[in-house]
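Hi,

Here is the model I promised to pass on.

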Amino acid sequence: MADTADTRTPAQIEADITRRRAALAETLDEIGVRVHPKTIVGDAKAKVVSHVDHTLGRAYVGVNRAVSQVKAQFVDEKGAPRLERVVPAGLLVVGVVGLLALGTRKRRR
């Protein structure tokens, strides 16, 4: 059997115990902070906010891309409107609005 005799002086052992107690107290304080309800709620809120920000960012990019694609259909590279597409779309919108107005007018009678 190996000799595991401790060659430290009592003062060294006492200093080691004091150091380990301080380290253990610090660890326990950290655990206490981590499991405190306010910390848990704060971490959960931060995760939700991060997820929402990420989702909103992706949605913004998607909507921006869609708007750019639609705009490209009605405006040329120089920014001038493409009348061959704007006029039929405008007539379609006016027709749909007119039909909706007639439909609500007939229901009221």
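Let me start with salt bridges, where the rule is a side-chain nitrogen of Lys or Arg within 4 Å of a carboxyl oxygen of Asp or Glu. Before the details, please keep in mind that this is a predicted model, in which local features need pLDDT of at least 70 and side-chain atom pairs count only at pLDDT 80 or more, while totals for chains, interfaces and linings use all residues. Residues are numbered from 1 along each chain as its sequence is written, and side-chain values use heavy atoms, with hydrogens and water left out.

By that rule there are five salt bridges. Arginine 8 takes part in one with aspartate 6, where the closest N and O atoms are 2.8 Å apart. Arginine 8 also meets aspartate 16 in a salt bridge, again given as 2.8 Å from N to O. Aspartate 16 has a further partner in arginine 20, with 3.4 Å between the closest N and O atoms. Why can arginine 20 and aspartate 16 be described as about one helical turn apart? Because they are four residues apart in helix H1 (residues 10-35). Taken together, Asp6, Arg8, Asp16, Arg19 and Arg20 are linked in a network of salt bridges. As a general point, side chains of opposite charge can pair when their charged atoms come close.

How covered are these residues? I call a residue buried under 20% relative accessible area, exposed over 50% and partly exposed in between (1.4 Å probe, protein chains only). Aspartate 16 is buried at 14%, whereas arginine 20 is exposed at 55%. Arginine 8, at 35%, counts as partly exposed, and so does aspartate 6, at 45%. Across the chain, 2% of the 109 residues count as buried.

Now the overall fold. The chain has three helices and zero strands, using DSSP runs numbered from the N terminus (helices are H or I with at least four residues, strands are E with at least two). Along the sequence that reads α-α-α. The radius of gyration, taken over C-alpha atoms, is 36 Å, whereas a compact globule of 109 residues would be near 13 Å (the globule rule is 2.2 Å times the number of residues to the power 0.38). The C-alpha trace spans about 100 × 45 × 30 Å along its principal axes.

One more thing to look at is a nonpolar surface patch of about 520 Å², made by Val70, Phe74, Leu83, Val86, Val87 and Leu91. Helix H2 (37-74) and helix H3 (83-108) are the elements that give two or more residues to it, and H3 gives the most, with four. Phenylalanine 74 lies in H2 and is partly exposed at 31%. Patches are made of residues with over 30% relative accessible area and no salt bridge, with like charges joined within 9 Å and nonpolar side chains (Val, Leu, Ile, Met, Phe, Trp, Tyr) within 5 Å. The areas come from the Shrake-Rupley method with a 1.4 Å probe, and for residues only the protein chains shown count as cover.

Cheers
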